[in-house]
Structures are given as structure tokens and as C-alpha cells.
Amino acid sequence: MRLDTAAIKRGCRNSEIAEFRHLCRAELDRFRDAAKVAGPMIVGCTQEAPLFADTMEGRSERTEFVNIRETAGWSLQGRQAGPKMAGLLAAASEPVPAYPFVTLSSEGVILIYGRDDVAVEAGRLLADHLDVTVMITRPARMAPPGTTSFPIVRGTIRNAKGHLGAFELVVDDYAAPRPSSRDALLFDAPRNGLTSRCDLILDLSGATPLFPAHELRDGYLRADPGDPSAMLRAVLRARDLVGNFDKPQYVNFTAELCVHSRSKLTGCHRCLDLCPTGAITPDGDHVRINAEVCAGCGQCAAACPTGAATYALPPADSLLHRLRAMLLSYHAAGGTDAVVLFHDSQHGTALIDALARHGDGLPANVLPFAVNEVTQLGLEAVIASFAYGAAGIRFLLRAKPRHDVAGLFKTIAMADAIVSGLGFEGHRVKAIETDDPDALGKTLWSIEPASTVALPATFRSVGKRRELLRLALHELHRLAPSPVDVIALPEGAPLGAISVNVDGCTLCLSCVSACPTGALRDDPERPVLKFVEDACVQCGLCQTTCPEKVITLKPQVDFRAARAPAVIIKEEEPALCIRCNKPFGVKSTIEKIAAKLEGRHWMYAAGDRRLETVRMCADCRVITMSEQQFDPFAGAPQRPAPRTTDDYLRERETKT
């Protein structure tokens with residue numbers, strides 16, 4: 001492949017660039033010499049990374065290996081790929097922080113769940129390696145084993161939960177085999193509701209999977225019982241699942257920022273709706289994320305409006321640093337019309353490699369950006385990409401995703417609304433759903449050139465996703481071809497305002513006490529309801545809490561909100577205590593209550609002095625009632641005494 005070293009030097013100005021022809025063979029000594037120099041080093045090759053790693057004995061400096069061959073050089077436009085190579089190398093120069101792990105432990109206790117002799121055969125293959133139990137559901141006529149090498153029982157799994165090393169099953173129709181079985185395996189009387197625990201599950205039942213998004217459940221293996229090769233692959237995988245396994249803790253969670261619930265009323269439930277594995281569950285006013293079950297799709301972090309859930313591979317700010325470095329270096333090296341192709345390493349990298357080796361490769365303006373999961377990307381990443389000079393965004397997905405990707409499509413809808421609302425023509429943000437490299441290439445090569453911002457933004461920030469999104473929106477609005485102040489967003493967006501029917505609002509201020517972010521505010525001196533749009537996360541707690549049901553959410557982005565003061569939604573004259581003149585409520589509400597009570601309730605007859613206490617504050621009301629010796633039951637209508645057993649017996653004696 002051709003190397004445009006001049007373009008790479010323009011894009012990576014603060015780096016020392018060296019070009020080679022056979023670095024991994026004839027020029028390997030030059031690599032050894034370079035590895036001895038202090039400072040981080042980036043190698044534009046991943047194929048020979050193991051060889052290079054073996055020659056770096058004693059090197060402690062950070063070393064990164066970047067694929068610029070399949071992603072850039074091997075292409076019909078390989079000659080023009082210098083700016084792209086500069087961008088890819090610059091992105092790798094950004095350090096990625098370490099992330100925490102959780103440890104899953106398995107002692108090799110496996111339950112093989114099947115319906116016939118296939119499950120028994122799997123048990124024989126694993127009996128020398130694992131602690132095997134075979135459970136047969138809906139058993140056909142089966143010959144009893146000559147030697148009992150492992151238990152074979154009957155049962156149907158009603159419910160399953162857990163993960164590698166800690167599965168718990170509820171089993172119905174459980175029955176142990178009869179040792180006296182002769183020509184066919186017979187079982188004892190069945191029992192329901194038994195609990196079973198194991199480290200691994202091999203599901204060969206051919207029925208509905210025991211878990212949602214079952215491919216993402218660690219320790220749960222499933223194969224078609226009619227496919228011997230699939231069964232054998234599952235057996236080989238199960239055999240190795242013994243010991244301790246470190247799993248990334250994909251999501252960091254700060255409960256104090258969660259706006260799920262208040263006072264047993266539900267507000268935000270975005271993460272609960274999107275989690276494909278059921279790893280997220282309600283936990284009082286917040287939610288709880290089970291790190292052992294979490295499969296790392298990242299949709300909860302992408303949708304979380306407050307930043308309570310944050311992704312760790314990498315954090316959102318680190319990801320934006322890499323995007324910034326890639327796009328700014330691409331632009332500095334002379335690249336134009338950049339299209340960012342977000343993809344994962346398992347599916348996307350394989351398609352890109354196949355397209356480079358057997359097809360036309362990627363266009364020179366398509367910059368691949370690998371992430372752990374495409375669904376981890378939030379609105380801030382898309383908006384920042386356009387602010388940094390991208391002309392388009394594409395998300396590469398499987399033709400049949402392993403889990404629901406509804407969260408990503410909501411992000412695409414929001415981003416498309418914002419970008420088009422700011423004057424960027426066409427649909428700039430799209431998903432490509434394919435497993436075919438040729439189809440991927442056809443789609444990418446057909447992308448029409450599009451306008452970008454005249455001068456890319458250069459901001460670099462750290463913090464939570466909301467702060468990053470706020471800054472990215474501000475920068476994109478500043479650089480947009482047709483900036484507007486307000487853009488309506490789809491339902492469920494984490495930005496917006498509220499609409500209040502002020503005629504029905506009584507200024508009870510229940511919404512203020514429920515608002516977890518301080519977007520709704522009051523005034524201790526006057527009956528007033530204020531709203532700060534910049535703080536609103538559209539959690540819906542105000543709407544749920546309002547007793548008059550006069551609040552509705554209004555998803556939108558108002559680019560003036562960050563600098564706008566609190567807006568008064570409703571304000572009324574305070575009610576002043578007729579005894580001490582202290583404000584204690586809303587005047588219109590107090591007068592309305594007094595008018596409804598006067599002459600219509602036995603305690604507040606017309607002209608009765610007790611009616612005056614309604615217009616007093618709580619302290620004066622107690623003092624007045626004590627001074628006047630008000631009898632709260634005076635004038636109460638007489639009601640018949642409750643009937644007792646004695647009354648019933650006397651009536652019965654009288655009749656007889």
C-alpha cells in the first residue's frame with residue numbers, strides 16, 4: 001500500500017513520523033532501536049503485533065498497534081487515504097483509562113437440559129471434566145444407562161436467573177429415575193417448585209431460551225439438539241468454563257443521580273426499558289445494576305439523562321477525546337467530507353477486513369471507529385462528531401442483532417432532528433444493518449458528499465455525558481449553517497421543557513418537592529412556581545406527582561437554556577394570616593376553601609367564628625381554638641348509635 005507520509009505529518013504535527021518498507025522483517029532492528037526511546041509509540045500494523053511485542057523486552061512506555069492497511073491502504077482510494085491514516089493514528093494516541101472488573105467463579109457444576117439421548121450423550125462427553133447432571137424434559141422413551149456415571153432426572157425449568165457460577169432454577173415435574181428401570185427409563189412421582197443451583201447450563205431442549213438476550217448470558221450455552229456440530233461446539237465451550245474469570249464492569253452507577261422514583265412514584269425508566277438481559281431492576285428510589293449479569297450493551301448509559309449510569313469502556317469523555325483527535329487530524333491532513341463509521345470489534349472489524357481483502361475497501365473519507373458495543377454511543381458522541389467536522393455518521397449493526405437496539409435508534413432519531421434542524425441537509429445519521437461486506441461497501445461508496453462546518457470546533461472537555469452534550473450542542477449551534485433557538489425532539493429525549501395548565505395549577509408545589517434536579521423551584525416568600533430548562537432531564541416525576549394532572553413534558557433543545565434565568569410559570573398573591581399577617585398559603589386557594597365550607601358544612605355555619613380559623617396560619621389556628629375553647633363536635637349532627645350484639649338479641653326476644 002502507498003503511504004502518504006506528508007499527509008500523516010500534517011495531521012500528527014507533534015509526533016515523530018518514520019516510514020518503513022519491511023519493518024517486521026529486514027528492518028526489525030530499527031523497530032528494536034525505536035522501542036528503546038522513551039515516550040509512547042504507535043505502530044501502524046496489527047498483523048505483526050505479536051512479533052513486535054516479543055521484541056520489546058523491558059519497555060514500559062505505552063505502545064499501540066493500529067490497523068491502517070485494511071481500514072485505509074487496501075482500497076480503491078488507497079492513494080488518497082493519507083489523511084485517514086493520520087486520523088486513525090492520532091485517535092490511537094489518546095490514552096484510554098483502565099476499567100474495573102468483576103470476578104465470576106465456576107466450580108464446573110453443570111446442568112444439561114434436554115429432551116432425549118442427545119443430552120445424555122453431551123453428559124458423557126463432559127463427565128470426565130465437569131460435575132454433570134442431565135435433566136430431561138418431556139422425555140420420550142429412553143433406554144436406562146448400564147452404568148450411572150452421572151444423575152439423569154426428569155423436570156421442566158419454570159424459571160431461571162443468575163449468571164456463570166451462580167444460576168438458580170425453579171423446576172416443576174421433577175422426578176428421580178427408578179434404579180429398577182429395565183427396558184425404558186422410569187421415574188418416581190413428580191414434584192413441583194423445587195430449587196436447583198449450578199454454575200453452568202447447557203440447554204439442548206430446543207425450546208424457548210431460558211433468558212432474554214441469551215447469547216449475552218455468561219455461563220448459559222445453547223445449541224440446536226438436531227445439529228451435532230453445534231452441540232459439540234457447546235460442549236467444548238462448557239468444558240473450559242471452570243475457574244475464576246474476570247469480566248469488565250461495563251457500567252459505573254451513582255445512585256444519588258438516579259431519577260427513577262420518588263415517594264413510590266415512578267419517573268424515569270429508560271434503562272429498565274432498554275436493558276436486554278434484565279440486569280437492571282428497581283431498588284427503591286433508584287435502580288440497581290447487576291454487574292455480573294450486565295452484558296455491556298451500554299444502552300442504559302447512552303439513555304441515562306443525568307449520568308447516573310456511565311459506560312467504562314471507555315468513559316464518554318475519553319471516547320470524545322479520541323473522536324476529536326481523529327477528526328481534527330484528518331482535517332489538518334487535508335481530508336474532507338469525513339464520514340465516521342462506528343462499529344464493534346467482533347462484527348464490524350471482520351466485515352471491514354473482508355471488504356478490504358476481497359472488495360474495494362473503504363472509501364478514503366470513511367473513518368472507521370471501533371467501540372466495544374455500537375449501542376454504547378450516546379447523543380453527545382454524534383453531536384460532537386459533527387462539531388469536530390464530520391459530514392455524516394453511520395452505525396454498523398448486525399443484520400440480526402444479538403439484542404434489541406431500540407436505544408440506538410432513539411439516539412439516531414434525536415441526532416437527526418437536531419442536525420437537520422440546524423440546517424445540515426439530508427439524513428446525516430443512519431444505521432447500516434448487514435452481515436455482507438459487499439452490501440456494506442455498496443452502501444458506503446454510495447454516500448454523497450455533504451457540507452460540514454466551515455471550521456471544526458476544537459473543544460476538549462471532561463465530565464459526565466450531560467456536560468459533554470451541553471458543550472457539544474453549544475459548539476454545533478455556533479458553527480451551524482442555519483442556527484435556530486429551539487428544535488423539537490422525539491418523545492423520550494433527555495432534554496426539554498414542561499407545559500403547565502396554569503388555570504388548573506393550585507401551586508401546591510408537589511412537583512417542586514418531587515423534582516430531583518432542581519429544574520422546578522419555589523420561593524419561600526411567595527407562592528410561585530419557577531422552571532429552569534437547562535436542569536430538566538424529562539424524567540416525568542413532576543407529571544406523575546402533580547395531583548391536578550396539569551403538567552406535560554415537552555421534549556426539545558433550547559440553545560438559550562444554558563444562559564437563561566429561571567422562568568416564572570405561575571405566581572399568585574399570598575394568603576396572609578388574619579391574626580399575625582404572616583404569609584401561609586395561596587390566597588385564591590384559601591378563599592376558595594372558605595367559600596366552599598361556609599354554610600355548607602356543619603362545623604362552619606354562616607357567621608360562625610370557627611370559619612375565621614381557615615384564614616389563619618397553623619400556629620394562630622391552634623392558639624385561637626385554645627383561647628375560644630372551640631368544641632370541635634359542637635353542632636355535629638346526631639347519628640344513631642352503632643348496633644351491637646345486645647341490640648340484636650333484644651329485638652329477637654321481643655319478636656319471640
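Reader: Which side chains meet Arg526 in a salt bridge, and what does the term require?

Author: A salt bridge is a side-chain nitrogen of Lys or Arg within 4 Å of a carboxyl oxygen of Asp or Glu. Here the side chain of Arg526 pairs with that of Glu571, at 3.0 Å from N to O. Arg526 belongs to strand β25 (residues 526-531) and Glu571 to strand β27 (residues 567-571), so the bridge ties together parts that are 45 residues apart in sequence. Helices (H or I, at least four residues) and strands (E, at least two) are DSSP runs, numbered from the N terminus. This is a predicted model, in which local features need pLDDT of at least 70 and side-chain atom pairs count only at pLDDT 80 or more, while totals for chains, interfaces and linings use all residues. Residues are numbered from 1 along each chain as its sequence is written, and side-chain values use heavy atoms, with hydrogens and water left out.

Reader: How many salt bridges does the whole structure hold?

Author: The search finds 26. One of them joins the side chains of Glu94 and Arg460, at 3.2 Å from N to O. This pair links distant parts of the chain, 366 residues apart: Glu94 is in the loop between α5 (82-92) and β3 (101-106), and Arg460 is in the loop between α14 (437-445) and α15 (465-479). Glu94 is buried, with 14% relative accessibility, whereas Arg460 is partly exposed at 45%.

Reader: Which residues are linked in a network of salt bridges?

Author: Arg69, Glu70 and Arg357 form such a network.

Reader: How is the packing of two helices described, and what angle do α11 and α14 make?

Author: Two packed helices are described by the angle between their axes and the distance between the axes. Axes are lines fitted to C-alpha atoms, for helices over the stretch in contact, and angles run from 0 to 180 degrees between N-to-C directions. The axes of α11 (residues 348-358) and α14 come within 9 Å and cross at roughly 80 degrees. The two helices are therefore roughly perpendicular, a term for angles of 65 to 115 degrees.

Reader: Which residues of α11 and α14 meet?

Author: Leu351, Ala354 and Leu355 in α11 meet Pro437, Leu440 and Gly441 in α14, where contact means heavy atoms within 4.5 Å.

Conventions: Buried means under 20% relative accessible area, exposed over 50%, partly exposed in between (1.4 Å probe, protein chains only). Angles under 35 degrees count as roughly parallel, over 145 as roughly antiparallel, 65 to 115 as roughly perpendicular and the rest as oblique.
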